[in-house]
Amino acid sequence: MTKKVLFGCGTFLNLYLDLCGLAHKQGIKAIYDNTPKCEKVDGIDVLHARELAGSAFDFDEIIITSRHYIDIYNQLVTLGCPESKITVFHALLSW
Amino acid sequence: MRKNHINQNTKRETLNDNQYSSDIILILTYGRAGSYFIQSLLDSHPELICFPPMYTSAFIQEIDKKNLDISNANAAYDTLMAYNDGFMLGKTEHTNNHIAEMVRISNLEVNIGISLEAFKTKFLTFYEQVKKETSDLKLCLVKTMSYAFDAAINDYEDIDIAKQKKILFQCHRVDYTLINWFSEQFDHLDLLHMLRSPLTTLCSSMRYSLKLDKDGIATFSTKVLENYLKFLFFTGDVIAKPNISHFGVRLEFLHQQPNLTLEKLAKRLNISFHENLLTSTFGGKDWTNFEGKEHLSLFNPDHVREGTLIDDITPYKDAAFLGLRLKSKYDHWHYQHDFPGPSRDTDANHFLLVEYLAVCKDMQSAEAAYAKQQPIYRSREMQFFFDYACSHQQNLIEVL
């Protein structure tokens with residue numbers, strides 16, 4: 001199964017989890033956020049963004065689920081995340 | 001009276017085993033791709049309630065955004081009638097010139113023959129009945145206005161007749177929050193996405209925007225262009241929710257092979273293929289989307305082009321620039337294309353003619369600026385969309 005992580009804990013995370021389907025949800029390993037306000041969402045660990053660097057980007061895809069997706073995209077690239085692994089939740093792009 | 005009336009004797013023959021339908025169909029579009037046209041074909045189907053197309057998802061969004069009062073039958077009715085000045089709902093005297101002009105430009109001047117009094121009476125009666133079944137006021141409004149419209153057009157009193165039909169509604173803006181809300185309110189949601197050759201759609205949208213701007217109806221700005229482009233690049237992704245069926249219908253197929261395409265569509269929507277599908281109507285009254293309205297046939301295979309459109313709005317280099325970003329859609333939806341194949345490096349500093357048009361508003365000065373590639377403001381968002389679209393991996397919807 002593809003190993004996915006999410007970035008962004010706001011209202012669009014809820015929309016993403018509502019729309020993504022159970023099978024997809026089971027493949028989500030963690031949710032990162034710049035200011036995490038809880039430890040878990042739907043049973044998935046919420047981690048601080050600074051832990052991303054330590055993860056060595058050991059995932060196949062990171063999906064941005066925040067309306068600040070341009071800033072987060074740039075942040076991820078700056079941290080060294082390969083661009084090919086970064087995806088923006090499509091609902092945000094056509095918002 | 002409208003053609004699609006199901007009377008008490010025949011309704012069982014045309015409907016599924018379920019007594020009441022809890023299905024809804026939303027029509028999506030990514031520009032001028034035939035969303036009104038497809039509704040006009042589905043309009044007279046006896047198993048569907050097609051609310052007038054000028055009442056789009058924007059109306060539902062406005063209820064939330066402006067906190068409009070829909071808490072009781074009278075308030076909900078007033079809110080609905082105020083939204084588009086009662087156009088296509090039986091109101092004959094209009095005071096809002098802006099909406100009247102939009103109706104004219106969108107070719108929606110259809111006298112559908114609905115009686116305002118009949119619509120109001122049914123709306124107020126049905127609202128109370130629907131409210132007993134749901135505590136969600138927006139859902140109550142959507143169902144009530146649909147049921148009341150159908151009952152007024154077809155002249156019946158029994159809400160149960162309406163409840164056996166599927167509701168069809170225009171969801172022009174691809175608002176996933178609203179789509180998700182609809183999917184939670186209904187057992188099944190069909191997302192019918194109207195598709196058209198992407199660059200042809202863009203050109204048509206640009207011409208329409210320039211026309212609106214020239215007539216003083218809506219300003220054509222860089223922001224408007226940005227919205228068109230992001231819809232073009234990023235809509236059409238599959239939505240994974242189990243009760244959502246998301247698929248596309250090509251406008252070109254509809255014109256070239258109407259019977260076959262509509263048969264496939266009817267099958268997918270789980271409705272019977274019906275002769276009425278070949279007639280373009282709103283509220284049962286004939287309608288055509290072609291300018292001048294004098295066309296004898298509503299299907300016009302010569303009118304649609306599906307190849308790469310290189311013309312006065314998208315010259316060769318712009319078509320290549322945009323085509324690179326739209327290639328997956330062209331390929332996946334089997335559209336012909338012959339993009340010259342530029343690289344990201346060579347077009348990094350290229351500005352599009354449509355970007356100049358959004359600023360200059362007239363072709364002559366836009367072309368002059370374009371020829372010189374004069375530096376022009378490009379928003380951070382637009383630049384991101386251009387860059388990201390090059391590498392965006394999409395899981396695109398199936399086309400019928």
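Predicted model: local features only at pLDDT ≥ 70, side-chain atom pairs only at ≥ 80, totals over all residues.
Residues are numbered from 1 along each chain as its sequence is written, while chains are lettered from A and ligands numbered from 1 in the order in which they are written.

**Helix packing in chain B**
- H11(B) brings Thr222(B), Val224(B) and Leu225(B) to the contact, and H15(B) brings Val354(B), Glu355(B), Ala358(B) and Val359(B).
- Contact means C-beta atoms, placed from the backbone, within 7 Å.
- Helices (H or I, at least four residues) and strands (E, at least two) are DSSP runs, numbered from the N terminus.

**Where the chains meet**
- Chain B puts 18 residues into the contact, and chain A puts in 13 residues.
- On the side of chain B that touches chain A, H17(B) gives the most, with 5 residues.

**The sheet in chain A**
- An open sheet of 6 strands runs in the order E3-E4-E2-E1-E5-E6, with mixed pairing.
- Strands pair if DSSP finds at least two bridges between them.
- Strand E3 (40-41) and strand E6 (86-88) of chain A are at the edges, each with a single partner strand, so one side of each has no neighbour in the sheet.
- E6(A) runs parallel to strand E5 (residues 61-64) of chain A, joined by 3 bridges.
- Ile63(A) has Thr87(A) in E6(A) as its bridge partner.

Technical notes: Contact = placed C-beta atoms within 7 Å.
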